[in-house]
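Good morning, and thank you for coming. Please look at the sequence and the structure on the screen while I speak.

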Amino acid sequence: MNNRVLNYIPKDSFIHRLSGTTKLIIFLTFSVLCGLSFDTRVLIVLLLLSLLGFRLSKIKLSEIRLMSTFLVIFITFNFILLFLFNPDYGTEMYGTRTVLFHLVGRYYVTAEQMFYQFNVALKYVIGFPIAILFISTTNPSEFAASLSAIGVPYRVSYSVSLALRYIPDIQKDYHEIAQSQEARGVGLGKDVKLVERVKNAVKILLPLVLTSLQRIDTISNSMQLRSFGKNKKRTWYVKKKLTVADYSVIAFCAILFIVGMIVTNQGGSNIYNPFI
Amino acid sequence: MKNDAVKKVVATGIGAALFFVLARFVAVPSGIPNTNIAFQYGIQSFFAVVYGPVVGCLSGFIGHVLTDMSWGGVWWSWAFGTAVYGLIVGLFAKKINIESGEFGKKALVNFAIANCLANVVAWPIIAAVGDVVIYKEDFKIVVAQLAVAAIADFLCAMVIGGLLLYGYSKTIAKTGSLDKE
């Protein structure tokens with residue numbers, strides 16, 4: 001069973017040496033900018049930068065094969081679906097219609113539609129190297145410390161840290177319960193009828209939930225014994241000090257964000273329209 | 001800080017971990033091709049009813065973002081949908097009052113109303129607006145997609161969450177359950 005929850009890949013690289021806080025800021029800057037902008041130029045710059053970051057992290061493609069396969073399937077599926085649903089959406093958006101060729105019936109392939117779908121795909125692709133970069137170069141225990149450093153209340157950060165800590169345990173619980181129920185003939189496979197399957201699922205989930213509730217009691221008691229939540233602030237054992245490299249990257253993110261927003265909102269809309 | 005507050009911090013963490021495990025590793029086919037039963041929403045609604053709106057909201061949000069991250073790429077609009085879903089179901093926690101040890105018809109009706117409202121607000125409203133704003137997707141496609149998601153999640157949450165709450169209520173001693181002999 002794979003116990004590496006978020007696929008942290010320890011290595012020695014420029015990106016790994018940055019503090020978790022910086023990486024979280026990079027992740028958020030890219031996510032927000034990519035979310036707000038529909039400007040192809042900005043999106044392409046973001047993509048190039050995220051690929052550069054990926055290069056710097058020394059992570060190999062073979063190490064993230066599963067995730068990249070998933071992304072390719074998702075984007076292809078989404079691309080086809082967008083076209084099937086409304087092949088003229090690009091025309092509505094950009095205001096012009098340049099037919100490239102005719103498929104069948106109402107399905108004309110237009111340059112506008114292809115450009116629109118290219119933008120959507122671009123937005124999905126950008127998030128990918130950045131999320132991978134963040135999760136595979138940040139130690140999970142540093143994750144909570146970084147959240148608290150950017151201003152998330154420490155109780156919430158602590159919840160995140162608890163979640164990461166207990167995911168493997170709960171996964172183990174689930175497998176133990178599922179296997180012992182299976183030994184009694186409680187199955188979840190395709191050969192079981194749907195209604196039976198749901199009933200059987202509850203037979204596995206209820207013990208899982210009840211043990212989890214017990215776990216919650218145990219953990220919260222021991223946290224209380226150690227005076228958790230007594231003070232307004234909290235320090236983190238794994239928190240890294242920010243270095244010059246960190247400050248420069250954070251400053252770069254700030255500039256990138258501002259420039260990105262200015263370029264995006266030129267002309268009163270966040271769409272870049274090459275057709276006019 | 002009272003015990004209750006510490007408990008909520010822990011419940012949020014464990015709830016998020018359960019959400020993650022069910023969403024990421026547990027795939028039970030629903031009968032429709034390539035679609036699995038979304039157990040995580042059953043668990044999330046359970047946590048929202050037992051621990052209230054804040055835990056329902058945050059455990060779902062954290063669980064959802066972590067799950068998405070493990071695939072690479074966070075779908076923020078859907079993550080916020082999950083958060084709002086947990087929040088709304090949690091607002092009904094006092095009405096359902098599972099701690100009384102009873103999960104009867106009245107509680108079930110309240111649970112159904114909570115779920116109905118939460119699913120309508122979370123998917124076809126919050127997540128749809130997010131998808132339209134972020135990806136400029138055609139509003140019609142998004143609403144169609146999310147309406148399907150809302151119905152599926154409603155069914156999952158009602159059946160799985162309802163059965164879990166019923167099972168859980170059986171483990172609590174009812175008030176006034178002692179008889180004089």
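This is a predicted model: local features need pLDDT of at least 70, side-chain atom pairs count only at pLDDT 80 or more; totals for chains, interfaces and linings use all residues.

Residues are numbered from 1 along each chain as its sequence is written, and chains are lettered from A and ligands numbered from 1 in the order in which they are written.

Let us begin with chain A. Chain A has a domain 1, made of 1–139 + 239–276, and a domain 2, made of 153–237; such bounds come from an automatic or database domain assignment. Over C-alpha atoms, the centres of domain 1 and domain 2 of chain A are 33 Å apart.

Next, the hairpin. Strand 1 (residues 99–102) and strand 2 (residues 108–110) of chain A pair in the antiparallel sense over 3 bridges. Strands, like helices, are DSSP runs numbered from the N terminus (helices H or I, at least four residues; strands E, at least two), and two strands pair if DSSP finds at least two bridges between them. Opposite A:Phe101 stands A:Val109 of strand 2. The hairpin has 5 residues between its strands, and A:Gly105 takes a positive phi near 50 degrees.

How many residues of chain A are in contact with chain B? There are 53 residues of chain A in contact with 46 residues of chain B, where contact requires C-beta atoms, placed from the backbone, within 7 Å. The largest share of the chain A side, 16 residues, comes from helix 9 of chain A.

I turn to helix 2 of chain B (residues 39–51). Its 13 residues should span 18 Å at 1.5 Å a residue, and its end C-alpha atoms are 18 Å apart, which agrees; the expected span is 1.5 Å times one less than the number of residues. Why is this helix described as largely enclosed by the rest of the structure? The reason is that 13 of the 13 residues of helix 2 of chain B are buried (20 or more other C-beta atoms within 10 Å of a residue's own, all placed from the backbone). After helix 2 of chain B comes B:Gly52, with a positive phi near 95 degrees.

Finally, the largest nonpolar core has 122 residues, and B:Leu164 is among those with the most contacts inside it. A nonpolar core is a set of buried Ala, Val, Leu, Ile, Met, Phe, Trp, Tyr and Cys residues joined through C-beta atoms within 7 Å. Both domains of chain A give residues to this core, so it lies between them.

Methods. Two residues are in contact if their C-beta atoms, placed from the backbone, lie within 7 Å. A residue is buried if 20 or more other C-beta atoms lie within 10 Å of its own, exposed if 12 or fewer, and partly exposed in between; C-beta atoms are placed from the backbone.
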